[in-house]
Amino acid sequence: MVNICLRCHKTGHKVSECPLFLGRNDHSEPKAEPDHVANSALLEGFDHSSSQLCERCARFRITDWLTNEDIRDEVVFDKAGTNALGWENKKHNAERWLELGPLHSMLLDASCPLCRMIFSVFPTPLDEESWKAEYSLRPIRSYNMLAAKLPLDGNGLPDEGLGKKYAIYASVNSREDQLSVIGRYFGDAEDQMVYGFESAFALSHGAPTSVRPGLLARERGLTWNPEVVNSWIDRCEGEHSASCRVVWSDQLLICKMIDVSSRQIVSCPPQCRYIALSYVWGGVSPKDGALERGELPQTIEDAITVTKTLGLRYLWVDALCIDQTPSPEKIQQLSMMDVIYNCAWVTIVALHGDNADVGLCGVSPKNPRVPQRSEVVEGNQLLNLFPTLHQELTGATYCARAWTLQEFLLCSRRLLFGKDQIHFVCNTGRYCESIDDGLDPGHVLDRDPAQSDFFLLPDHKEYVKDPVSRRNFADSTFCGLVEMYTDRKMTHDSDSLNAFQGMLSFLEKTMVPQGFVWGLPLKEFPQSIRWYHPRAVKPRRRPDFPSWSYAGWEGQVSYTDKLNLVNGGSSERFDETVDLALSYIGSEGNVLIVEGTLLKLEVRNEPFNDAYIPGTDFLLGTFQEGNFLHKNTLPEGVFDFCVVERLSFRYSPQSPVRHIFYLIMLEGGGDFPTRRTMVRLYIEPRLEEHQEYLAMVKNRQMIYLQ
């Protein structure tokens, strides 16, 4: 027996005997992330050794466990939206974990094929607490790990008959790991499954068993497989709904394209079928003449290779197809990003890496992929699975950059080149290289149009059939997109709106017909000015943009409520109405002109931010800034407040009317006041009986904000 050490990833000793574990320094420290290439090389020396299982692994009867064990669905929402049955199933499955033992004394035999597979998927990094934990092989239904859902049966529950047809995956977990994940994602059963596993393995789709044929593992080569990619695109074109259709627009005729055959920039031909590239520049841009010389940044060179291999002639890349010098033409092209990405036959997404020189993994020899682990156990092939799309998106630089949000959301088909595998995401389905999607009995890889998706836009056509539905849909969609966009980073402050212009164009065409003013739908939703910075954000001012727009600040913004307070209000309130709403008049440059109510209020901290009529002891109520938990974040003094709207309601049908003011706190210093923050003022009960309160809100005026 040749033991593999999980501490130093060398052979010949147990973890408890490892020099690193004992505190000696004659081995290098383990890396924060596993070195899969080195681990693969370590195991290669034992690939042709005996396929006989060690005594412990033989007891597992792993093939029978993966095919016949009663492993149940751990995400089963009932009609009330609770996962009570899924929780019971989780406890049921926990009784079927296969124990590997304490980490510090665990034995993994390099000559045992199952031990080698366990080593290849063992979770990392390992902290000191991990050495005390006991680890096990944990079973999980394939679609649970992929955040997919079964269709419902006649009782409104997931169809268990279909569920039993899906493969079981095996992951290495400890009970401590599971408790940690439950605590981190408490109340979110889906995220507990998606992020509760670092890696897993499964039976290959070529294995002789057919008991659970759905979503078995698939072999993935060192280089990308165009046949698999073409099968995804063919399925999308031939079988998917209209939401995946790519429709030509004559607006594209003003654009440029890369002719990948001649390596020249050409005018976009009519009815052009092209591929678009979405990637992180990271300070790397093409040099003059690099296209003709074949010296483009590696990501662009790899995109040219993929375009050719897939049989297309034209590729659109922003760095080459848009003149980057400031001009009216550049502004025009930035505003039509929705057209460029929506009309692309497919969009290549460079998901891995933080600059344009990293390349697309698996396309060029310069950027190889780690080998997939394959072992034959009891006559069946086992394959390791690579991180899911959710896992790859989490922490990716691509998902932190402002420009890439609209590029990802606005296209119909996305070909994502991750670190370890390719993912395909269209507006209907999602697939990946290491999972065989040929057998999907319940079509769980197809998107349910009724379900929201954290990285896809909802199908607006279903929600804009009447004015009320359109407004409600525009309300929630705009607020969600702004929150996602402002949470991302950009290199140049001047791009604060440029990087979102394509998305705003899309929204204007589909659900906000009156358009936007500095990124806000003020003509239809003047209350959209009441955004705020969450308490964890430290905003930074962008002086070239107006203070009243989110574009004028770096830092995530959000809304405390939906724009339509009555429709988006609490179910615990009654008789909701809104009045004193400001009206949009116009804008002149950075200056916003509205008609509304301007209040001069005194802030006193006693100990909360209480509001008084200045120079009196007439208490109006208590301020709350944004979503701060403590109502004592405002400075003392007299300030002007612009009333966005006032919400009136009752806590019960017979209770007194209560008022909440939504206000923009202003500060001076220029020709016109600027926005300081958004606050809510909770008015004391029965103040509407006092003349001082009534007089305060009776006058409207023109208000100018800069």
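How exposed is methionine 702? Methionine 702 is partly exposed, with a relative accessible area of 38%, on a scale where buried means under 20% relative accessible area, exposed means over 50%, and partly exposed is in between (1.4 Å probe, protein chains only). Keep in mind that this is a predicted model, where local features need pLDDT of at least 70, side-chain atom pairs count only at pLDDT 80 or more, and totals for chains, interfaces and linings use all residues. Residues are numbered from 1 along each chain as its sequence is written, and side-chain values use heavy atoms, with hydrogens and water left out.

- Methionine 702 lies in strand S26; helices (H or I, at least four residues) and strands (E, at least two) are DSSP runs, numbered from the N terminus.
- Strand S26 belongs to an open sheet of 3 strands, ordered S18-S19-S26 with antiparallel pairing; two strands pair if DSSP finds at least two bridges between them.
- Strand S18 (583-588) and strand S26 (701-705) each have a single partner strand, so one side of each is left without a neighbour in the sheet.
- From one strand to the next, the twist averages 25°, using axes that are lines fitted to C-alpha atoms (for helices over the stretch in contact) and angles that run from 0 to 180 degrees between N-to-C directions.
- S18 pairs with strand S19 (residues 591-596) in the antiparallel sense over 5 bridges, and serine 587 stands opposite leucine 592 in S19.
- Ile585, Met702 and Tyr704 make up a nonpolar patch on the surface, with about 270 Å² of accessible area together.
- Patches are made of residues with over 30% relative accessible area and no salt bridge, where like charges are joined within 9 Å and nonpolar side chains (Val, Leu, Ile, Met, Phe, Trp, Tyr) within 5 Å; the accessible areas come from the Shrake-Rupley method with a 1.4 Å probe, and for residues only the protein chains shown count as cover.

**Strand S23 and its partners**

- Strand S23 (residues 637-650) has 10 of its 14 residues buried, so it is largely enclosed by the rest of the structure.
- Strand S17 (residues 574-579) runs antiparallel to S23 and is joined to it by 4 bridges, with threonine 577 opposite serine 648 in S23.
- Strand S20 (residues 598-605) is also antiparallel to S23, with 6 bridges between them; here leucine 601 has phenylalanine 639 in S23 as its bridge partner.
- Strand S24 (residues 658-667) is joined to S23 by 8 bridges, again antiparallel, and valine 643 has leucine 663 in S24 as its bridge partner.

**Salt bridges**

- There are 34 salt bridges, each one a side-chain nitrogen of Lys or Arg within 4 Å of a carboxyl oxygen of Asp or Glu.
- Arginine 96 and glutamate 95 meet in one of them, at 3.6 Å from N to O; arginine 96 is partly exposed at 21% relative accessible area, whereas glutamate 95 is exposed at 66%.
- Lysine 149 forms a salt bridge with glutamate 190, with the closest N and O atoms 2.5 Å apart.
- That pair links distant parts of the chain, 41 residues apart: lysine 149 is in the loop between helix H6 (142-145) and helix H7 (160-163), and glutamate 190 is in helix H9 (residues 189-194).
- Lysine 149 is partly exposed at 39% relative accessible area, and glutamate 190 is partly exposed at 24%.
- Arginine 218 forms a salt bridge with aspartate 436, their closest N and O atoms being 4.0 Å apart.
- Arginine 218 sits in the loop between strand S4 (200-203) and helix H10 (226-239), and aspartate 436 in the loop between strand S14 (430-432) and helix H18 (467-486), so the pair ties together parts that are 218 residues apart in sequence.
- Both arginine 218 and aspartate 436 are buried, and a network of salt bridges links Arg218, Arg235, Asp436 and Asp437.

**Covered spots in helices**

- Arginine 116 is found in helix H5 (residues 113-120) and is buried, with a relative accessible area of 2%.
- The side chain of arginine 116 reaches the backbone oxygen of alanine 110 at 2.8 Å.
- Helix H17 (residues 402-410) is mostly covered, with 8 of its 9 residues buried, among them Phe408 and Gln406.

Conventions: A polar contact is a pair of N or O atoms within 3.5 Å; within protein, one must be able to donate a hydrogen and the other to accept it, and residues adjacent in sequence count only if both atoms are side-chain atoms.
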